Amino acid sequence: MAPMKLYGWVVSPWMGRVRVCLEEAGVEYEVVPMSRSGGDHRRPEHLARNPFGEIPVLEDGDVTLYQSRAIARYVLRKYKPELLKEGDLEGSATVDMWMEVEAHHVEPALWPIIRHCIIGPYVGRPRDQAFVDECLGKLRAVLPVYEARLSASKYLAGDDVTAADLCHFGFMRYFMACEYAGVVDEYPRVKAWWDALLARPSVKKVIAGMPPDFGYASGNIP
Amino acid sequence: MAPLKLYGMVLSPNVVRVATVLNEKGLDFEIVDVDLRTGAHKQPDFLALNPFGQIPALEDGDEVVYESRAINRYIATKYKSSGADLVPTTPSAKMEVWLEVESHHFHPNASPLVFQLLVKPILGSTPDPEVVDKHATQLAKVLDVYEAHLAKNKYLAGDEFTLADANHMAYLLFLSKTPKASLINERPHVKAWWEDIAARPAFKKTIAAIPLPPPPSA
């Protein structure tokens, strides 16, 4: 069985999301590195894989997928369905709810903060502090709900890790490396949950390719 | 069997997203009004259903689900053998991709357009032309991808109507009531797809329950 291929740049938080799922599922895969600054994602051969011109893209034999959460679901369903709580109606609904919460409440709040506060200085983009503050407000609005949830169970969908937790990895990784990480530190259960994720072998392996500055300081521009 | 309870406002597109699927499954449900204008969604009894204080939420006996797309997966899975089967038995990678495309390419542009062009006039304010232009331009590029895809696929996941198509219908409906309906109508395969799925009997039932406002004056 040929290993799966994952196209993209490993510093991407979306790549990180998919890679932790691949690692947790014990899937054999190879990263096909692409250059963002070189515009690889806009070339015809990539548009043939993903007409939206984005990464990551997964190739598994003759199946090609894009959208990081679709890739995550596909991989986990195939190799580790318990991480989706497949077959458990209530459990899988809980996993789905928290995946949607991350998609609509967390990523859209964290990504602009990461762009403005970590990446911005390296690419000469002035920070829009008002926008950063607005995003921090959105994060602060949901953290108490996370805190309450994680007071009731160790992970978001119960006492075992699931896709719902893993999907948070990529964006949390960078947010917790920025100057606003203290916002999360105010919520002890959320902080403990994040620390537990950091301790997982899958996360340690994937984080090794994700320096907190996206590689800009060392000249490894994605 | 207690009917399903769908909490929200009948005019909310995210509520209609769920009503669409409930009707495709032929399920009995009641819409329990949660009036955003009075802040009902931030009151303790609603927060007990959805701690994020957003509509819709679905109550199915003892089970409560929120986030419209999670609700729809739940309904399509639990009631798989009732009405139209929206999730293939052999999980479809293509369906999963297009469910996410709706969520991350279509919705982030369709939603602000519907808010600016339909909701704001109802609330007595006027559309922001810059916001409209930005999202119309972005949605045009997104729908170009849909156009190419639907030239080769009858439905988003292939030959069959699935949850991926169903999740689009609420915002397609509301978008079609705005001047930006042109984004759909100017793309022949997108237009044909929309007309086909809008003609489904279950969707006609969904539309009939929505007190759609008259089109805003030009």
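In chain A, the UniProt annotation "domain: GST C-terminal", from an unreviewed entry, covers residues 88-214; such annotations use the numbering given here, have shortened feature names, and may be inferred rather than shown by experiment. The model is predicted, so that local features need pLDDT of at least 70 and side-chain atom pairs count only at pLDDT 80 or more, while totals for chains, interfaces and linings use all residues. Residues are numbered from 1 along each chain as its sequence is written, chains are lettered from A and ligands numbered from 1 in the order in which they are written, and side-chain values use heavy atoms, with hydrogens and water left out.

Over residues 88-214 of chain A, the chain is 72% helix and 0% strand, with its end C-alpha atoms 38 Å apart. Helices (H or I, at least four residues) and strands (E, at least two) are DSSP runs, numbered from the N terminus.

Two packed helices are described by the angle between their axes and the distance between the axes. Axes are lines fitted to C-alpha atoms, for helices over the stretch in contact, and angles run from 0 to 180 degrees between N-to-C directions. The axes of helix H4 (residues 89-123) and helix H5 (residues 129-152) of chain A come within 9 Å and cross at roughly 150°. H4(A) and H5(A) are therefore roughly antiparallel to each other (angles under 35 degrees count as roughly parallel, over 145 as roughly antiparallel, 65 to 115 as roughly perpendicular and the rest as oblique). Their contact comprises 17 nonpolar, three polar and three charged residues (Ala, Val, Leu, Ile, Met, Phe, Trp, Tyr, Cys and Pro count as nonpolar, Asp, Glu, Lys and Arg as charged, and the others, Gly among them, as polar).

H5(A) also meets helix H9 (residues 188-198) of chain A, where the axes come within 7 Å and cross at roughly 70°. This makes H5(A) roughly perpendicular to H9(A). On H5(A), the contact (heavy atoms within 4.5 Å) involves Leu143(A), Tyr146(A), Glu147(A), Leu150(A) and Ser151(A), and on H9(A) Pro188(A), Arg189(A), Val190(A) and Trp193(A). Six of these residues are nonpolar, one is polar and two are charged.

Within helix H4 of chain A lies Val95(A). Val95(A) is buried, at a relative accessible area of 0% (buried means under 20%, exposed over 50%, partly exposed in between, with a 1.4 Å probe and protein chains only). Not counting residues up to four places away in sequence, Val95(A) touches Leu83(A), Leu84(A), Lys85(A), Ala157(A), Thr162(A), Ala163(A) and Ala164(A).
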